[in-house]
Amino acid sequence: MGTTLDRLSGPKGARQKAKRVGRGHGSGLGTTAGRGMKGQRARSGVNRSAWFEGGQMPIQRRLPKRGFKNPFRAEYFPVNVSQLAKAFGPGDAVDADALKARGMMPRRAERLKVLGDGELAVKLVVRAHAFSKAALEKIQAAGGSAEVVPGKGTPTTDAQA
């Protein structure tokens, strides 16, 4: 008869008894209970942060502060006209919601900018927060229209439709 699940066991030495700390000399971990001699870590209640460097000036204070991050910066998600030509048919309306529905734009993205890389032969109605000059020319050359949608704050665009 073969091995059954109720007869399985780990290899020899796989299971070890837990160390019983501070239970006398015979246990092998008596007296100092594995904490060494004196010092902060030998005492109870030791709680040091991971970045503590023993009183040395910490690295986050040794390094200079650099740069500036504008909290009001407008983040645009870029889409090229070649991508629109592949994903949409003639006469389709293209906006941020349509791109999100097709998985071409992340759900968290708020603003959409259409860039002019590639060719566009399909007539599309494109609504975006910003357009590059090349994208605007290619959309209009294909017989489509480009509408600027107001976003959060004032939109900063290369060319307004």
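An open sheet of 3 strands runs in the order β1-β3-β5, with parallel pairing. A second open sheet of 3 strands has the order β2-β4-β6, again with parallel pairing. The structure also holds 3 salt bridges. This is a predicted model: local features need pLDDT of at least 70, side-chain atom pairs count only at pLDDT 80 or more, and totals for chains, interfaces and linings use all residues. Residues are numbered from 1 along each chain as its sequence is written, and side-chain values use heavy atoms, with hydrogens and water left out.

**Terms**
- Strands (E, at least two residues) are DSSP runs, numbered from the N terminus.
- Two strands pair if DSSP finds at least two bridges between them.
- A salt bridge puts a side-chain nitrogen of Lys or Arg within 4 Å of a carboxyl oxygen of Asp or Glu.
- Buried means under 20% relative accessible area, exposed over 50%, and partly exposed in between (1.4 Å probe, protein chains only).

- The edge strands are β1 (76–80) and β5 (130–131), and each pairs on one side only.
- Strand β3 covers residues 111–115 and pairs with β1 in the parallel sense over 5 bridges.
- P78 has K113 in β3 as its bridge partner.

**Sheet β2-β4-β6**
- The order is β2-β4-β6.
- β2 (93–94) and β6 stand at the edges with a single partner strand each, so one side of each has no neighbour in the sheet.
- β2 pairs with β4 in the parallel sense over 2 bridges.
- A93 stands opposite V125 in β4.

**Salt bridge E147–R127**
- The side chains of E147 and R127 meet in a salt bridge, at 3.3 Å from N to O.
- This pair links distant parts of the chain: E147 lies in strand β6 (residues 145–148) and R127 in strand β4 (residues 125–128), 20 residues apart.
- E147 is partly exposed, at 34% relative accessible area.
- R127 is also partly exposed, at 30%.

**Salt bridge E75–R73**
- E75 forms a salt bridge with R73, and their closest N and O atoms are 2.3 Å apart.
- E75 is exposed, with a relative accessible area of 53%.
- R73 counts as exposed too, at 54%.

**Salt bridge R62–E53**
- The side chains of R62 and E53 meet in a salt bridge at 3.0 Å, N to O.
- R62 is partly exposed at 41% relative accessible area.
- E53 counts as partly exposed at 27%.

Terms used. Helix = DSSP H or I, 4+ residues; strand = E, 2+ residues; numbered from the N terminus.
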